[in-house]
Amino acid sequence: MTVRLLLTKQGTALLLALPSLPMLGSFAAHAADSERTSVDTSRLAGAEGASAPLYATPPTPKLDQSRRFRFLLDSEVRYDNNVYLSKDDRVSDTILLVKPGVSAETSDRSAVKGRIEVRNTFTHAIDDTMDDESLLSANGDISYASSRFKTSFSINYDQTNQNNRDVVVEGRREVFRIDSLLVDSDLEYQFTGKSSGGVGFNYASTSFPDGFLVDSQSWEIPLNYYYAVSPKADVFTGVAFRETTAEGSDAKSRSVYYNAGIRGEITPLLTGRFSVGYRTLKNSYDSPQTTSGDGSEGMLAFQGSMTLSIGSKSSLTLVASRDFKTSAQGESLTSGSYQFVFTNQTGPTWSNSAYLAYSTFEYGDPLFAGDALLRPGREDKYIELGASSTYRWNNWLQSGLSASFRRNESNFDSLEFNSVLISVLVGVQF
């Protein structure tokens, strides 16, 4: 898991589970896991490490609210002491990033709320550990609400060029480009004063333009029934159907999540959404390396986030999930992920955060046939911790510093690594 601090129209927003080092100063409201490699998790928990696009927003300074269209420009210097995430013979480099872009949003008085941001990131590695890249990102959302009906739609497309735990491949020293797309749509209708029903359609895909790893896609349809237990909190029960496939493969992974949970303001200080239930899995394999079973499994599962307010300027967020996923190398696996994030707003100009993430991964049979050397029975324990701080100079300029440490332990020694990332960024909008 990594954490980004992103400058929104309200100030700085903390985004959990993102694939690259914090991009302090970006003028965006959303971005997509932790190691989002295969398909995104939580909402589309079909991919290894993708962690759900779950967001926690700390108290933030106010920016100029009057401008609905902005030009954006960030510049970042990132030091990476283990570019390839190798156990031995680590290679370090300093990467320069320039990120121009534009953003637009609807008026606060509009019944339809929407926003969009598009950026292009140009990268250059000083020691040539990777090729120069031009990386596109685009994200946006739109929503509408009436007295009984509300709907929302969001989209996030992201191209990254930074390795994470899931793309570490034995015997290969290279940086993998990752292109990911996440689409979420939700519709909810209020039946009575206390009951409502919701349906959604979510789609995620991840591709690796350089080949070798497995391109995958996933769709999910969640159905939920909500009942209000207080003016600001609902309990709910539901079921979610998910299917994961891979490019050029007839194999499929089908999962059903039967769950119950709670959402909203649980207490005046505790808010969020969390569900617990039973998840089934049925895999149909196309890999000749499959060794056991018919691909049917089931387990206790959970997913969601809870945020505890600490005074008026701080918060502590827990993001947790347990799910079946699919790795970037085509294997079926079971994952548990637990992330704690502390955020603090010091005065009108300083925003700070610190986080700790712990994940476990148990690899099963190859679901999709790929080119990577697979390790049946592989078990990983991954830990990441970091901190970031952002200073807002005025309504158009801010700067930030972040650092993180990543460590992977595995029962296969060659897949273990340590990594330190340090990033300095300056962002402007006009």
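Predicted model: local features only at pLDDT ≥ 70, side-chain atom pairs only at ≥ 80, totals over all residues.

Colleague: Why is V169 called buried?

Modeller: V169 has a relative accessible area of 5%. The term buried applies under 20%, exposed over 50%, and partly exposed in between, with a 1.4 Å probe and protein chains only. The value for V169 is 5%, so this residue counts as buried. Residues are numbered from 1 along each chain as its sequence is written, and side-chain values use heavy atoms, with hydrogens and water left out.

Colleague: Where in the chain is V169 found?

Modeller: V169 is in the loop between β8 and β9. The strands are DSSP runs of E, at least two residues long, and helices are runs of H or I of at least four, both numbered from the N terminus. By that count the chain has zero helices and 21 strands. The C-alpha atoms of V169 and S86 are 9.3 Å apart, although 83 residues separate the two along the chain.

Colleague: What is the volume of the second largest pocket?

Modeller: The volume of the second largest pocket is about 220 Å³. Its lining has 18 residues, and those closest to the centre are S86, K87, V169, G171 and S414. On a 1 Å grid over the protein atoms alone, a pocket is an open set of points with protein on both sides within 12 Å along at least five of seven lines, a cavity is a set where a 1.4 Å probe fits but cannot get out, and lining residues have an atom within 4 Å of a point. Grid points are joined across faces, edges and corners, and the volume is the space filled by probe spheres set on the points.

Colleague: How do the residues of that lining divide?

Modeller: The lining of the second largest pocket comprises seven nonpolar, four polar and seven charged residues. Ala, Val, Leu, Ile, Met, Phe, Trp, Tyr, Cys and Pro count as nonpolar, Asp, Glu, Lys and Arg as charged, and the others, Gly among them, as polar.

Colleague: What residues does F176 touch?

Modeller: F176 touches T160, N161, Q162, N163, V167, V169, D210, F212 and L213, with residues up to four places away in sequence not counted. Contact means heavy atoms within 4.5 Å. F176 is in the loop between β8 (149-160) and β9 (178-190). At 2% relative accessibility, F176 therefore counts as buried.

Colleague: Are L85 and D89 buried or exposed?

Modeller: L85, at 2% relative accessibility, is buried. D89 has a relative accessible area of 63%, and is therefore exposed.

Colleague: How do you know that the side chains of S410 and D380 make a polar contact?

Modeller: The distance for the side chains of S410 and D380 is 2.8 Å. A polar contact is a pair of N or O atoms within 3.5 Å; within protein, one must be able to donate a hydrogen and the other to accept it, and residues adjacent in sequence count only if both atoms are side-chain atoms. The 2.8 Å pair is within the limit, so it qualifies. S410 lies in strand β20 (residues 397-410) and, at 9% relative accessible area, is buried.

Colleague: Which side chain makes a polar contact with that of S337?

Modeller: The partner of S337 is the side chain of S359, at 3.4 Å. S337 is placed in strand β17, and its relative accessible area of 8% makes it buried. Its contacts beyond four places in sequence are V319, A320, S321, Y358 and S359.

Colleague: What joins R70 and Q429?

Modeller: A polar contact of 3.1 Å joins their side chains. R70 belongs to strand β4 and, at 5% relative accessibility, is buried.
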